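Me: I would like to go through this model one feature at a time. Please give the general idea first and then the case at hand.

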Amino acid sequence: MEAQENTQKATKRVLITGCSSGFGLMTALAAAKAGFEVIATMRNLKKADSLRKALDEANASVQIEELDVTKPESIASAMEKIGPVDILVNNAGILITGSFLDQTDEEMRRVFETNYFGVVNLTKAVTPGMIERKGGRIINIASLAGLIGHPYNASYSASKHALIGFSKSIRVELAPFNIDVVSIEPGYHKTEIIRANANQSENFYDRSSPTFTWNRGFLKAFMDEIIPRAGEPEVVVKKIMEAMTAEEPKHHYVIGKDAVAMRIVRWLGLCGWVEGKIIRKIRRATKREIAREMEKKARRKKKKAESV
Ligand SMILES: NC(=O)c1ccc[n+]([C@@H]2O[C@H](COP(=O)([O-])OP(=O)(O)OC[C@H]3O[C@@H](n4cnc5c(N)ncnc54)[C@H](OP(=O)(O)O)[C@@H]3O)[C@@H](O)[C@H]2O)c1
């Protein structure tokens with residue numbers, strides 16, 4: 001029975017986007033180790049070293065291909081090389097932090113091009129092959145930010161809300177073709193999106209903006225309170241693997257203490273109360289930032305006066 005299951009797994013072809021780091025890299029590795037035929041894609045092949053190293057250490061292998069989800073020509077040429085797949089994991093995503101007032105139109109569109117239209121376009125490219133093969137599975141990596149608001153990350157939150165709406169809708173459209181659609185909704189976890197890939201909007205430090213100190217207050221509260229509590233990414237990867245292998249996967253996987261707590265808060269109708277708490281936290285952090293700025297200014301002034 002187990003042998004039969006393994007043969008079935010081995011014949012399944014999995015395409016994963018955004019495999020240069022984080023959940024994508026770890027899922028590619030976990031799926032390869034579990035016996036899937038993995039096509040790990042990334043937009044910049046120069047970043048493939050971490051994945052290659054992890055694969056070497058695990059004595060596992062995957063096919064690595066270039067794929068930028070925001071570029072139709074990149075999707076087309078990748079699909080030509082890859083051919084039909086059984087499971088698509090739409091994982092690639094970006095985050096640009098800063099008040100919506102400071103985010104440029106280009107930044108907001110870039111977030112949507114990656115987190116929403118990238119998923120839509122790749123899903124459109126892959127689904128006909130799944131229909132031909134009489135089945136498949138699409139796993140979309142959304143976010144807790146797609147269930148609730150995410151201040152100072154409005155475009156990210158809006159793109160993930162759009163993604164969840166897309167997943168819910170196409171799940172019904174694709175059911176007659178034996179294609180499952182799963183939405184993964186993690187809270188904060190320790191990957192590069194909150195480290196090296198944590199982008200700030202280009203106007204984040206624009207002192208003329210009315211939200212200058214608020215951006216900084218948010219960032220301070222985020223660094224002090226959210227980042228240290230972020231979960232371990234392995235937990236998310238385990239759920240993605242569950243979504244890949246379960247006979248009947250759940251429609252949604254809400255993952256992480258923060259995400260589960262917010263799900264309960266929503267169910268209890270207490271979102272307004274939580275928003276109030278968040279506003280107070282950001283206000284306190286912003287006040288501390290203003291005080292720090294004023295101290296810095298006073299020190300500079302004193303130094304200047306002393307040097308005259
Ligand atoms: N970590 C969290 O707390 C968390 C929580 C909820 C949801 N998520 C979601 O999980 C997914 C994976 O993120 P992660 O946490 O693993 O962060 P990550 O380590 O920053 O990984 C993001 C991946 O997406 C890739 N990517 C960005 N733009 C792309 C594009 N245009 N085409 C192809 N690939 C692109 C990145 O490639 P480059 O290296 O080239 O930039 C990177 O490989 C994202 O959709 C994110 O929104 C993360």
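Me: Which residues come nearest to the ligand?

Reply: A residue counts as near a molecule if its C-beta atom, placed from the backbone, lies within 6 Å of it. Of the 30 residues around the ligand, those that come nearest are Gly18, Gly22, Ala92, Gly93 and Glu192. The elements giving two or more residues to this shell are H2 and helix H5 (105-132), and H2 has the largest share, 3 residues. Helices (H or I, at least four residues) and strands (E, at least two) are DSSP runs, numbered from the N terminus. This is a predicted model, where local features need pLDDT of at least 70 and side-chain atom pairs count only at pLDDT 80 or more, while totals for chains, interfaces and linings use all residues. Residues are numbered from 1 along each chain as its sequence is written.

Me: How many residues of each class does the shell around the ligand have?

Reply: Ala, Val, Leu, Ile, Met, Phe, Trp, Tyr, Cys and Pro count as nonpolar, Asp, Glu, Lys and Arg as charged, and the others, Gly among them, as polar. The shell has 16 polar, 10 nonpolar and 4 charged residues.

Me: Over which residues is the pLDDT below 50?

Reply: pLDDT is the predictor's confidence in each residue, from 0 to 100. The protein chain averages 93, and 97% of the residues score at least 70. Over residues 6-10, however, the pLDDT is below 50. Where pLDDT is low, the predicted coordinates should not be read in detail.

Me: In which sense does E2 pair with E1 and with E3?

Reply: Two strands pair if DSSP finds at least two bridges between them. Strand E1 (residues 13-16) pairs with E2 in the parallel sense over 4 bridges, with Arg13 opposite Glu37 in E2. E2 and strand E3 (residues 63-66) also pair in the parallel sense, over 4 bridges; here Ile39 has Gln63 in E3 as its bridge partner.

Me: Is Lys134 buried or exposed, and which is Tyr152?

Reply: A residue is buried if 20 or more other C-beta atoms lie within 10 Å of its own, exposed if 12 or fewer, and partly exposed in between; C-beta atoms are placed from the backbone. Lys134 is exposed because 9 other C-beta atoms lie within 10 Å, whereas Tyr152 is buried, with 25. Lys134 is placed in the loop between H5 and strand E6 (136-141), and Tyr152 in the loop between E6 and helix H6 (154-174). Phi is near 65 degrees in Lys134 and near 65 degrees in Tyr152. In strand E2 (residues 37-42), 5 of the 6 residues are buried.

Methods: Two residues are in contact if their C-beta atoms, placed from the backbone, lie within 7 Å.
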